[in-house]
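Subject: Structure handover

Hello,

Here is the structure you asked about. My notes on it follow below.

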Amino acid sequence: MKVIIVGGGIGGLCTAIALQEIGIEAAVYEAATELKPVGAGVGLAANAIQGLERLGVAEEVISRGKQLTALVTFDEKDKVISNFDTKALSQKYGINNFVIHRADLHEVLYNHLQPGSLVLGKRCQGVSQEGDQVQVSFTDGTHATADLLIAADGINSVVRQQLLPQSQPRYAGYTCWRAVIDNPGVAINSMISAETWAPQGRIGIAPLQDGKIYWYVCMNAPERNEQMQQMTPAELSMHFASVHPPVQEVIAAAKPEQLIWNDIADLKPLKQFVFGRVVLLGDAAHATTPNMGQGACQAIEDAVVLGQCLKREPVLAVALANYEHRRIARTAKVIRLSRLLGEVSQWQSSMLGSVRNALFRLMPKFITQSQMEDLYRVDF
């Protein structure tokens, strides 16, 4: 069987590895004209690491990133809202609370592709099906034909929008800046993933390898706001001037060209991922807000599950139906919970924020642990 994968992100590359491992010819068509070390940090939970183990790449990925031991949330005065020790879950489910530069993860995955299976400069324009073949057309006027097409082309998927024009990204109400910087000399806890909930917005700080720091900032704003898009590190730092240190210094240490800005959006959960010989995967199928750190994790799961389904079931239609059945409910739950968490954590009212923080402080740890274990118990 010959498979075309549209999109060379984490989901697309993982899927190519999964299919090539079981003897399926898989080619990845990527819109970018060259491979660049782009992106910021990405968090991988235990379910993602389990998936990478099944793809045979976990050891290399782990060597390029950093395992942390706790997820800690602070208020603007540096008082702890929640402190969840992730070591016990790591012992039970494998490496967890792991952070890596997205470019490093991408490089590891790329190096595991069969030579020549990634084709650059191919932006998808549309797909068509006829009989037992599916064809993809590209904006450069070329075409490619295969037995199966996997759309891993992100939240703005051309393929999904052709199949489901009504499925459009939903703005979450807040915008985000990210950067990876060299530590400017500030003291941070090198073993925790920290997030601060302030009336001005949210700030996340996570240490990476080699003294680098991954940080992000989320602020409520109108969609596609030009003023937000043009914010500089110095302006962002000033916006959080009244928040506990070293937030301001960490943000200000970024160079303007290091900032990555985008509005946060997700997709309303879909009821269908498979359309004949076209399959939606990753953000093209179930884009989620980043509040649970599960975007890349769920794409990795998709790749492993699809590979398993195709290996175990010789009838293609049945294999794809099995993939859809195993993925729809799980990914829909992540979308809903992540959106809810984002809404609550972005409250700007000081009074509502105080009530929220008090409730989170009172929340028994077993509730958080139960939610995490639900994610980490995968059906591989």
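Leaving aside residues up to four places away in sequence, Leu280 touches Ala151, Val159, Arg160, Leu163, Leu270, Gln272, Phe273, Phe275, Ala285 and Tyr323. Please keep in mind that this is a predicted model. Leu280 is part of strand β19, which covers residues 278–280. Its relative accessibility is 0%, so Leu280 counts as buried. From Leu280 to Arg312 the separation is 32 residues in sequence and 20 Å in space, C-alpha to C-alpha.

Helix α11 spans residues 295–312 and helix α12 residues 316–345; their axes come within 8 Å and cross at roughly 155°. Angles over 145 degrees count as roughly antiparallel, so α11 is roughly antiparallel to α12. The crossing of α11 past α12 is right-handed. Sorted by class, the contact of α11 with α12 has nine nonpolar, six charged and four polar residues.

Last, the aromatic rings. The count comes to four aromatic pairs. One of them joins Tyr214 and Tyr216, with ring centres 5.9 Å apart and 45° between the planes, a tilted arrangement. Tyr214 and Tyr216 are both buried.

Regards

Definitions and conventions: Residues are numbered from 1 along each chain as its sequence is written. This is a predicted model: local features need pLDDT of at least 70, side-chain atom pairs count only at pLDDT 80 or more; totals for chains, interfaces and linings use all residues. Side-chain values use heavy atoms; hydrogens and water are left out. Axes are lines fitted to C-alpha atoms, for helices over the stretch in contact, and angles run from 0 to 180 degrees between N-to-C directions. Helices (H or I, at least four residues) and strands (E, at least two) are DSSP runs, numbered from the N terminus. Angles under 35 degrees count as roughly parallel, over 145 as roughly antiparallel, 65 to 115 as roughly perpendicular and the rest as oblique. A crossing is left-handed if the near helix is turned anticlockwise from the far one by less than a right angle, and right-handed if clockwise. Ala, Val, Leu, Ile, Met, Phe, Trp, Tyr, Cys and Pro count as nonpolar, Asp, Glu, Lys and Arg as charged, and the others, Gly among them, as polar. Rings of Phe, Tyr and Trp (its six-membered ring) pair if their centres lie within 6.5 Å; planes under 30 degrees apart count as stacked, over 60 as edge-to-face and the rest as tilted. Buried means under 20% relative accessible area, exposed over 50%, partly exposed in between (1.4 Å probe, protein chains only). Contact means heavy atoms within 4.5 Å.
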